[in-house]
Amino acid sequence: MTDQMRDTADIIGRDDINDLEAILSVVNTDADEELHAVHSVYDTIFTWDYEKGRRAKLDKLYEKAKKTQWNGQTDLPWETEVDQEELVVANAVANGGFTEGVDVSGTSLAKWGEKEWIQFGVESQNWTLSQFMHGEQGALVCTAKIVESVPWIDAKYYAATQVVDEARHVEVFAKYLDDKLSGHYPINAHLRMLLDDIITDSRWDMTYLGMQIMVEGLALAAFGFMHQMTTEPLLKQLLRYVMSDEARHVAFGVLSLQEYYQQLSAAEIRERQEFAFEAAVRMRDRFLQQEVWARMGVDPKEIVPLLMQIEDRQVFQSLLFSKIVPNCKKLGLLDAADGWLRQRFTELGVIAFEDWSDTGEEYDSLQATPSADAVA
Ligand SMILES: [Fe+2]
Ligand SMILES: [Fe+2]
């Protein structure tokens, strides 16, 4: 890694973060592959210091995780009937119409009637849940790597419980897609690029930053949003349980990195800032749902610029960062290097969340699992 500061093009592959042409030209060209290999070289660390509880906050998380396990197979109301088309309509009625705030005249969407919009809603659900599932597998793999690479016994113990959590998350999203929805989507190219970058990095703390802070921080916000919006009781319950775990996972990232970052040099912190920025951009790019438009026979390059102007969409997009920004602040990443990341988050339009509660503090309040006796 060079000690020279990299510019935006070096970090994300384009000069302008909002260059739609460049964003939409990144597509998944291996959509049919069944296995995806990522080569990664890193040290697997044994520790001979077995003293449990040296890191009291991680120990507390570990004890909590053991008590709040749930069973994806038996703790969810899988008997719930899901009529996907009815659900699309119900969600649209509850949350505002399909095209509210967009002027589609003169575009391919002008010809769309109710049938096409419902189909779009169905595809959109299939896509969203598919990407959640792929992201969960990313978390499974990354956390298994943390078990091997982190030097602290309390962190290895906790990460081991997270591996089980993530297996359960992949399982329930895959089951929901197979039993209740109507088709899978391959992983989005922006998301895959990010997961590849996270898993390739040899430094154990980068796995945490990419996965626990960025990907899971965004997931926690996205699940919360969907949990609030959906009118489907099974999905609502599923998301509530998953969020309860995710809050712990993000807290694990915050608590571990808070300690580790104290010993890093300014140049090393700057690299972490750049990585956080890259991850933020990749995740924002993936939410354009370009594969859904393509499957509906519409050129994403025609429609996406239009969607970018919808105010509700901008609000949703920025809300996705409502956990990431305060957590980065808590880790000191916003203001290091003369506020480099603060500047980037300002350009992304998400800096306003900096003083929202960070997950190192709030994870307890999100707890809701059957064994914990909590309400959904
Ligand atoms: Fe997860
Ligand atoms: Fe997670």
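Trp152, Tyr158, Trp204, Tyr208, Phe252 and Tyr260 form one aromatic cluster in this predicted model (rings of Phe, Tyr and Trp, the last by its six-membered ring, pair if their centres lie within 6.5 Å; planes under 30 degrees apart count as stacked, over 60 as edge-to-face and the rest as tilted). Because the model is predicted, local features need pLDDT of at least 70 and side-chain atom pairs count only at pLDDT 80 or more, while totals for chains, interfaces and linings use all residues. Residues are numbered from 1 along each chain as its sequence is written, chains are lettered from A and ligands numbered from 1 in the order in which they are written, and side-chain values use heavy atoms, with hydrogens and water left out.

The structure holds 20 aromatic pairs. In one of them, the ring centres of Trp70 and Tyr241 are 5.2 Å apart with planes at 50°, so the pair is tilted. Both Trp70 and Tyr241 are buried (under 20% relative accessible area, with exposed over 50% and partly exposed in between, for a 1.4 Å probe and protein chains only).

The iron ion (ligand 2) is coordinated by Glu166 (OE), Glu216 (OE), Glu246 (OE) and His249 (ND1), at 1.8 to 2.1 Å. Donors are N, O and S atoms within 2.8 Å of the metal (3.2 Å for Na, K and Ca); water is not among the atoms, so sites may look incomplete. Glu166 also coordinates the iron ion (ligand 1), and the two ions are 3.0 Å apart. Both Glu216 and Glu246 are buried.

Lys145 has its charged end over the ring of Tyr42, 4.5 Å from the centre (NZ of Lys or CZ of Arg within 6 Å of the ring centre and within 35 degrees of the ring normal). Arg295 lies over the face of Tyr185, at 3.7 Å from the ring centre.
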